[in-house]
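Reader: Could we go through this model together, starting with how the helices pack? Please give me your cut-offs as you go.

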Amino acid sequence: MKLLFLGLDGASAQIMFERDLPNTRHLLEQSTYRACMAEEEYPYTGPSWTSIYTGMSAEEHGVTDLWGRNIDGSESYDTLRDPVIWEMLNHAGLTTGAIHMPMTTCSRQVDGYMVSGFPNELNHSGPIAELMPLLQARDISDLIRLTPRDRVLDNTWYRNYSLERTIDILKKMVEWKIQAVRILVSTHPVDCLFVQYSLLDRIGHLLNQYLRVRDGEGWSYAPLLELYDWLDGKLEDLLDVGEDYDLLVITSDHGWPAEAGDPYTYDGKLFGAWHSHDGVLIVRDMAGTGRVPEGERIEECFNRDVCPQVLELMGFDYDELRNAAEPRPIETPRGTRLDEAQTIEERLRALGYL
Ligand SMILES: [Zn+2]
């Protein structure tokens with residue numbers, strides 16, 4: 001395998017680079033790292049990940065919706081006409097696997113496989129279907145994915161599960177996905193593997209939701225930082241996919257503040273904190289070619305710089321591949337939607353929670 005591209009939705013540069021996270025610190029000492037900024041106007045998952053995938057600004061690729069839905073004039077992954085990084089790598093002759101990369105529904109055809117990410121619903125069949133009970137444990141993003149596009153998120157989940165139990169589920173999903181990824185790597189080898197874990201983003205939003213459920217009572221920001229600590233303890237597992245790779249890239253679409261004071265009200269809603277702009281870009285040369293300096297924190301970049309830089313490190317020319325690759329958007333009609341509660345219950349049953 002040549003590339004392991006690990007996405008950590010909402011991983012903040014300030015926390016990742018400054019908090020006492022021993023395993024992350026050790027990795028940074030072997031890597032070149034920098035804050036990877038979301039655009040000033042769009043510190044959102046949808047636009048930022050699309051910029052990471054395409055090497056383009058939100059204005060250029062047109063995905064402006066928070067979750068990258070095809071609403072309010074925003075493009076979506078279904079309609080995006082610009083090639084994304086795995087399509088460019090496919091064009092360069094490399095196979096790719098993409099697992100739960102945000103925005104990647106409906107799945108587009110790739111030379112390899114794709115287990116699509118939020119927000120829409122999807123069906124999987126074929127060679128990876130047998131792994132779906134593990135892979136459908138998708139970082140609680142199900143909640144977003146299963147919410148009809150004409151509705152805002154409701155609080156059903158938070159009213160039924162305590163914060164402690166939810167955090168437990170988040171952790172379990174990471175552990176299961178680590179296993180599923182290893183099985184995929186051994187059974188369906190690819191040249192470039194993209195995997196995304198969204199628990200750091202989820203915990204931030206969940207804290208806000210629980211805050212609202214309790215009308216602001218008992219606000220504690222500690223669970224967010226504790227989840228960074230927990231993930232740091234899992235870093236070795238996350239990076240050990242069962243096969244060697246030449247280049248490691250870890251990136252995030254935006255950050256989350258390292259500290260949050262008193263809860264505040266915005267637009268009639270109570271918040272403890274919300275997205276910050278500072279995502280991360282960490283690059284480690286696993287092949288020892290000397291092309292990536294070690295232990296160097298360099299000047300910040302933008303989300304849109306990720307794709308060109310990764311391609312360059314892999315020996316490709318971004319402009320050339322972008323012009324040559326053929327994007328393969330799939331504008332499939334929306335599938336028949338199962339009853340929402342029923343679908344959520346199915347997922348929970350698969351997780352052993354019902
Ligand atoms: Zn995000």
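Author: Two residues are taken to be in contact if their C-beta atoms, placed from the backbone, lie within 7 Å. Helices (H or I, at least four residues) and strands (E, at least two) are DSSP runs, numbered from the N terminus. This is a predicted model, in which local features need pLDDT of at least 70 and side-chain atom pairs count only at pLDDT 80 or more, while totals for chains, interfaces and linings use all residues. Residues are numbered from 1 along each chain as its sequence is written.

Reader: OK, which residues of α10 meet α11?

Author: From α10, Leu199, Leu200, Ile203, Gly204 and Leu207 meet Pro223, Leu224, Leu227, Tyr228 and Leu231 of α11. Sorted by class, this contact of α10 with α11 has nine nonpolar, one polar and no charged residues, where Ala, Val, Leu, Ile, Met, Phe, Trp, Tyr, Cys and Pro count as nonpolar, Asp, Glu, Lys and Arg as charged, and the others, Gly among them, as polar.

Reader: And at what angle do those two pack?

Author: Helix α10 (residues 199-213) and helix α11 (residues 222-239) pack at about 165°, and their axes are 9 Å apart. That makes α10 roughly antiparallel to α11, given that angles under 35 degrees count as roughly parallel, over 145 as roughly antiparallel, 65 to 115 as roughly perpendicular and the rest as oblique. The axes are lines fitted to C-alpha atoms, for helices over the stretch in contact, with angles running from 0 to 180 degrees between N-to-C directions.

Reader: How does α9 pack against α11?

Author: The angle between α9 and α11 is about 15°, with their axes 11 Å apart, and that makes α9 roughly parallel to α11. In this contact Leu163, Ile167, Lys171, Val174 and Ile178 of α9 meet Pro223, Leu227, Trp230, Lys234, Asp237 and Leu238 of α11, which by class gives eight nonpolar, no polar and three charged residues.

Reader: What about α9 with α10?

Author: Here α9 and α10 pack at about 165°, with axes 11 Å apart, and that makes α9 roughly antiparallel to α10. The residues of α9 involved are Leu163, Thr166, Leu170 and Val174, which meet Leu199, Arg202, Ile203, Leu206 and Tyr210 in α10; this contact divides into seven nonpolar, one polar and one charged.

Reader: Which residues of α9 are buried?

Author: Thr166, Leu170, Met173, Lys177, Ala180, Val181, Leu184 and Val185 are buried in α9. A residue is buried if 20 or more other C-beta atoms lie within 10 Å of its own, exposed if 12 or fewer, and partly exposed in between, with C-beta atoms placed from the backbone.

Reader: Switching to the backbone, what is the phi of histidine 100, and is that residue buried or exposed?

Author: Histidine 100 has a positive phi of about 60° although it is not a glycine, and this residue is found in the loop between β3 (96-99) and β4 (112-115). Histidine 100 counts as buried because it has 27 C-beta neighbours inside 10 Å.

Reader: And aspartate 267, where does that lie?

Author: Aspartate 267 is in the loop between β7 (264-266) and β8 (269-271), with a positive phi of about 55° although it is not a glycine. Aspartate 267 is exposed, since 5 other C-beta atoms lie within 10 Å.

Reader: Last one: how many helices and strands does the protein have?

Author: The secondary structure comes to 14 helices and 11 strands, and buried residues make up 45% of the 354 residues in the protein.
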